[in-house]
Amino acid sequence: MVLPFVVRRLISISVLAGLVTASVGVSAFALPAEPELRSEITAATQARISGQDVLVEELTTATEHVVAKPDGRLEKTLSSEPVRMKKDGAWRDISTDLSISYGADGAVLRPAMTPVQMEIGAGGSDHMAVIDDGQGRSVKEKWPFGPLPTPVVTGNTATYQSVLPRVDLVQVAHSHGVSQVLKIHDRQAAEDPRVARMRFNLDTRGVEVESDGVGGIVAKRQSDGKEAFSTSKGQWWDSSHPDADATDPGGPGITRPFNLHLDKSGGKTAEVFGMDEILGANNVQFPIYVDPEWSAGSWAYLYVDSAYPSTSYWNGRYTDSTTHVGYLPASWAPDAIAHTTRSFWQFNISPMNGKKIMAAKFNVVETWASSCTPTPVSAWVTGAVQDGTNWNSQPNWSQAQHLDTRTVAYGYVGCGQATVGFDMMKRADWLGSNNQWTVGLKADNESDPLGWKRFANTAQVIITYGTAPNAPVLNSISGCGLTCAEMITRYNQPTLQLTADDPDGDPGGTIYIWISVFNTSGATVASTSVGRPVPGSGGSTTWQVPSSLSDGIYTLQYQTSDQQGMTSPVASKKFTVNTTAPAAPQIRAGDPAMMMDPNFYTNAVVGVTPVSYSIVNKGSTPVKGFVYAVTAGSGQPDYPKSAGALACGQRTGPFVVVCPTDGRSANVTVAAVGLKTTLSVWAFDYAGNVSLQTESEPQSVTFDVGKMAPAPATIAPVTVTSGAQWVDVPASRGVPSPVAGCMVPEATTPATTASRALRVPAAGAYAKTLEAAVDNSQSFSFSGWFCPTAPSATNRQVALGQLSDAGTVGSLLGLSTQHLWQLGAYDTSSPSLFKEVSQDLVEGAASQQWYFIGAVYDKINAQLRITISSTRGVKTWVIATAATSHTPSTGGSPAVLGTANPAQPAADQFTGLIYRPVMAQGTLVDSQFGVAWDAFPSREGILVK
């Protein structure tokens with residue numbers, strides 16, 4: 001019986017993951033704006049609610065997809081070659097089924113959905129097939145012997161009958177290219193000169209074709225000379241095995257090589273088949289299958305063969321595109337050579353770092369076995385493979401890399417082909433930390449002919465995984481001093497605050513933090529009996545050490561677990577328990593020569609003259625720092641036994657923190673805040689313990705100064721605007737009557753009335769000076785009587801202020817939106833910051849109530865101080881501000897009454913009465929404020945120096 005002879009050729013190009021392509025003659029698919037893709041967390045939520053698997057769209061690629069399971073696990077399926085592509089913004093399964101379409105050459109056949117631009121001739125012309133990389137480069141093949149007949153199309157196959165006598169052409173669309181098969185039925189057909197010198201004409205665009213020097217042809221890009229397409233030395237097989245056909249050599253799947261040649265003559269380029277190598281072989285049984293494969297495949301598989309140890313079968317080169325494993329004796333092989341083969345598949349995978357792999361399986365279809373007798377075959381993790389890998393250069397097969405063994409036989413008559421799954425969990429650690437996986441298969445007995453097997457060129461890895469929760473973060477430990485970087489606590493049962501979260505978020509369920517405390521001997525002294533619950537999306541929890549710890553060093557260990565049984569890495573940190581307070585510091589005068597008498601600076605001026613002191617640690621161990629306060633009078637302010645949240649250099653209220661570099665001493669410069677001033681000092685250690693108050697070692701010093709800043713004595717006239725006016729107010733000895741409140745007659749009284757107040761009735765009304773009243777960059781004092789008519793909950797109300805030289809607000813005194821009196825000044829940073837002191841511990845200002853206010857910016861002490869007097873008593877408070885450089889105001893920068901800035905009068909509008917306002921350069925003491933308003937030399941204006 002004479003069997004037909006078939007010649008097959010395959011053209012393919014690279015398929016980049018996610019590449020969007022279009023058929024030749026049609027513009028590339030446009031990429032519309034993509035909708036937000038479903039993330040792992042969103043998919044996990046939907047899976048938990050619905051009880052069904054949900055696709056994680058965000059992680060879908062041409063070779064990967066992930067589904068979220070209702071139990072919180074995720075399953076990734078990784079294919080060794082592209083199985084889907086993106087079109088019109090959506091992933092679609094690759095389909096090679098052919099249908100009629102129309103291109104530049106008229107009617108053509110195109111596959112339904114492939115990531116390679118291709119078309120196949122529909123007959124009536126010499127057009128065979130064309131592939132294109134989508135970037136202006138293509139190879140087009142033409143039948144050299146006239147028009148092709150109309151093909152019979154079935155699925156992805158187009159069959160052209162009798163293209164030559166007893167010769168058929170079969171073209172098959174694949175995801176990566178087109179196969180051409182010449183079916184030559186007998187020896188007579190093979191001896192036809194056209195067949196004996198078989199060639200395909202080539203038209204190229206954007207590439208130059210040339211010989212690769214080893215029996216193949218390469219098409220290089222004209223732009224940079226890099227390879228775009230290639231066809232290696234061909235392969236052929238005959239019909240020795242009855243199941244051989246145009247796509248498979250049948251039986252064990254062995255093929256033999258032949259050379260290709262490039263002919264450029266007569267203005268044409270052609271690929272010439274080395275048919276003499278095939279027809280000259282002995283005992284050829286027709287048909288013979290000849291496969292010169294064009295390829296630039298985008299996946300990575302191959303087998304290595306001891307019979308051809310220097311040949312690389314990369315991506316199916318010289319083969320029927322299946323892979324081989326095991327031993328084939330020479331008596332079984334059509335080339336009469338013994339073969340031992342091993343196969344590899346390479347996967348590029350998205351990073352799995354931080355994931356816990358719960359299950360992993362390598363699946364590949366066994367397509368043929370020597371018999372139905374099962375024989376063992378093993379899977380291994382190997383080193384990477386590449387173009388050029390062959391028997392002589394194959395990766396090592398280390399026993400440590402062994403994965404799994406399966407004893408199987410599929411694909412022989414009576415035991416049809418089937419998927420073989422290999423467990424990969426032996427190397428789950430390796431899988432989780434590498435982005436390229438190479439899996440190799442080899443027969444356990446490479447001397448047993450029954451171990452010869454064939455496998456599909458595509459494979460899958462299916463991974464079940466979850467995301468381990470993140471390691472907890474220790475945020476704080478109670479009783480920690482200025483900073484917890486040193487992790488020292490003054491409590492023997494400290495409370496820890498920890499934060500944790502799970503990348504799976506809330507769909508993964510509640511996570512738990514576990515904590516243990518170890519002493520220096522490694523013994524556990526305390527631990528959580530149950531995990532501390534935290535939402536998966538993140539949260540914090542506290543845990544107090546249940547037993548009392550002695551002073552000393554301890555180690556904390558903490559870890560997170562989730563409901564899938566996954567745990568985070570263990571985090572650890574050392575901490576110290578120190579419950580002993582440091583010794584009280586000593587205060588030493590920095591410049592005794594300034595003192596006429598002990599602690600009396602005769603020529604010093606309140607708020608003007610700097611006074612230096614040294615603070616000295618008297619204890620035997622270094623301290624972290626000192627806290628000091630400068631206050632009026634001889635009383636020492638109350639201070640908590642902890643430095644708490646203070647940090648080096650911080651100023652809060654009257655307290656300032658200084659940290660000596662040597663842990664022993666620090667110098668401070670202060671100024672008197674009254675004729676009598678007290679400097680109080682505390683020491684604190686790294687645990688935040690504050691020095692004890694003892695009589696033997698003083699921690700405060702009271703000193704006197706001999707002079708006060710000059711009192712104001714000049715009236716600066718003001719101009720009134722937009723309804724502001726001077727009106728009479730009832731007063732007794734210069735003090736406005738509390739009975740009258742802010743109510744005054746509409747008509748002004750005779751000019752001889754002494755008690756005059758500025759009435760600011762509504763938005764837009766204000767008064768201003770011609771020149772600056774104070775320089776904001778130096779110490780200044782504000783004072784006056786104020787009666788608000790309508791404190792605002794939405795707008796600040798500025799009673800008086802001083803503009804800067806830039807025309808912006810420099811300082812102000814007024815009401816906050818919480819109805820609290822406040823003194824504030826702007827520093828010179830960019831953007832400028834508003835530093836203020838307000839009555840945070842006092843009830844808000846009432847409408848129709850008179851208030852007397854004395855307020856000071858003390859540059860040397862960097863303090864803002866304010867005192868409020870009303871029918872409800874006297875309140876004083878102070879803030880130490882870090883800003884010592886305030887915006888200057890000199891020359892023509894006006895002082896303003898009733899608003900912050902005349903350029904925007906309604907923005908910070910004050911409504912009510914302003915009586916005897918004072919704006920003085922320098923630091924005034926309380927008694928000077930009283931004298932100033934009592935001795936106001938004029939009925940209208942601002943009292944200045």
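User: What makes a pair of cysteines a disulfide here?

Analyst: A disulfide is a pair of cysteine sulfur atoms within 2.5 Å. The model is predicted: local features need pLDDT of at least 70, side-chain atom pairs count only at pLDDT 80 or more, and totals for chains, interfaces and linings use all residues. Residues are numbered from 1 along each chain as its sequence is written, and side-chain values use heavy atoms, with hydrogens and water left out.

User: Why are C372 and C415 called a disulfide?

Analyst: Their sulfur atoms are 2.0 Å apart, and the cut-off is within 2.5 Å, so the pair qualifies. The link of C372 and C415 is left-handed, with -95 degrees about the S-S bond. C372 lies in the loop between β28 (355-369) and β29 (375-381), and C415 in the loop between β30 (402-408) and β31 (418-423), so the pair ties together parts that are 43 residues apart in sequence. Strands here are DSSP runs (E, at least two residues), numbered from the N terminus.

User: Is C415 buried or exposed, and how do you know that?

Analyst: Buried means under 20% relative accessible area, exposed over 50%, and partly exposed in between (1.4 Å probe, protein chains only). C415 has 12%, so C415 is buried. C372 has 34% relative accessibility and therefore counts as partly exposed.

User: What makes C648 and C659 a disulfide?

Analyst: Their sulfur atoms are 2.1 Å apart, so this pair also meets the cut-off. C648, at 41% relative accessible area, is partly exposed, and C659 is partly exposed at 26%.

Conventions:
Helix = DSSP H or I, 4+ residues; strand = E, 2+ residues; numbered from the N terminus.
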